[in-house]
Amino acid sequence: MFKEAYRFGHLAASHLPYLNDPERRHDIVVDLVHNLLEPNPRALAILEGYFTEGEGRVQDGRLRTSLASGQLLVENPFMVAAGLDKDGKMVLALYTLGASLIEVGSVLFRPQKGNSRPRLHEPTPKTLINAMGFNSEGVFAVREYLKRYKDSDIPIGINIGLNKIALQDQERFPEKLYPYLFAWVAELLCDQASYFVINVSSPNTPGLRGLLQEEGFLNDVIWAMQEVMRKKGVCKPLYIKLSPDLDPQGTEKVGGVILRHKLAGAICSNTTVNSEIKADLGQQWVDVKGGVSGAHPMYRSLVLRQIAQVYRLTQGSVDIIACGGLDGFEPVVNAAYAGANAFQLLTPLTRRKPGPFVFHNLIRDSISWMDRVGIKNFNAIRGLHADKFT
Ligand SMILES: Cc1cc2nc3c(=O)[nH]c(=O)nc-3n(C[C@H](O)[C@H](O)[C@H](O)COP(=O)(O)O)c2cc1C
């Protein structure tokens, strides 16, 4: 059955890359997956068969990962990063590819269209530049979509962002209201969330990233979200997503906030607006708005340096979820050596190579590697080279 699925899927998938507008391609995929594929168990089996090369979901106890000091246990450390499934419409399909957890979002309190198109570019076969600007159907729509998965036990992270209007209209939305905008989303999605992420590191909403440097603001958001959870009698792990463009002082500040509030940890990192990286992609990209993601060596080293800094700062006491350019086993292992204990991916899933095969490849390669070197847990190498990334 899986072998047949593999052949059929190969035929179907080989046509999609020829649609040359990446956002249109993505919209079509979301629509097909949400309306046709997920409601149909046979179609899901075909998806699984194809993207696991006929093998089906592979599990191995050595990949099991404990997050948030044991509060959250996941089957493997490989997850889908926020931004691919903004509204929670294809959680089951993404899980079927082998990921252990899907981070949905960024979810906003109010629906918002985001920036004008074109806003997603493919400068090279392995990178993206996006200036989406938080397109979101809003928290109430997301809550409805997620009901589909309520009996599934699939771990879902909820990444929360801020509406652009809140940052622009100071009269209607004074800054002291922002923490409640985060907390309301958390309250409405509390039952569905395995964890929450505070995202003020996206570069595509003017004024947003400055908030990452405001300790008082972060304290207020954390307080408001924890208060909501206290009232509901639950305690979900809380993460802050960092920007790779933060300088070491900025990273240290956020690390201090994570330690003081005993948060679950950090996600390192969001996309970068680093102009050297854009210039390296080609002069035509230097003035294009948006953040770079994917397998670019300079972007990867920004991310690795930040992971190692947070690891040294927190002495490995909190989770560090690596995110940025992890398109195969080697960059994942480098991130683990730098200090990460879980790994998120977005861009590699959307590009022709490795595409959605990436989770199966990562699991298979990790297992072969652990067999070869004889370690009992993938996490055993965490932080061993953190001192080398300075
Ligand atoms: C099209 C696109 C949309 C994204 N949207 C979000 C988002 O809404 N919230 C967020 O926290 N990160 C968002 N990101 C950033 C990713 O979660 C991730 O941090 C970044 O892409 C680096 O990982 P990658 O190299 O595997 O793509 C987005 C990235 C892309 C390419």
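Two strands count as paired if DSSP finds at least two bridges between them. The strands themselves, like the helices, are DSSP runs numbered from the N terminus, with at least two residues (E) for a strand and at least four (H or I) for a helix. With that in hand, alanine 266 turns out to have isoleucine 320, in β12, as its bridge partner. The model here is a predicted one, so to speak of local features takes a pLDDT of at least 70 and side-chain atom pairs count only at pLDDT 80 or more, while totals for chains, interfaces and linings use all residues. Residues are numbered from 1 along each chain as its sequence is written, and side-chain values use heavy atoms, leaving out hydrogens and water.

Strand β10 (residues 265-268) joins up with β12 (residues 319-323) through four bridges, in the parallel sense. Strand β9 (residues 238-241) also runs parallel to β10, this time over three bridges. One of the contacts there links lysine 241 to isoleucine 267 of β10 as its bridge partner. Between β9 and β10 comes some helix: together with α9 (residues 248-260), the two strands make a right-handed β-α-β unit. Right-handed here says that, with the strands pointing away from the viewer, the path from the first strand over the helix to the second runs clockwise.

Next, the cysteines. There are zero disulfides in the structure, a disulfide being a pair of cysteine sulfur atoms within 2.5 Å. For cysteine 268, the closest cysteine sulfur belongs to cysteine 323 and sits 9.4 Å away, which is too far for a bond. Cysteine 268 counts as buried because its relative accessibility is 0%; buried stands for under 20% relative accessible area, exposed for over 50%, and partly exposed for anything in between (1.4 Å probe, protein chains only). Cysteine 323 is part of strand β12 and, at 8% relative accessibility, is buried too. The C-alpha atom of cysteine 323 is 6.0 Å from that of phenylalanine 343, although 20 residues separate the two along the chain.

Tyrosine 180 belongs to helix α7 (residues 178-189) and, at 37% relative accessibility, counts as partly exposed.
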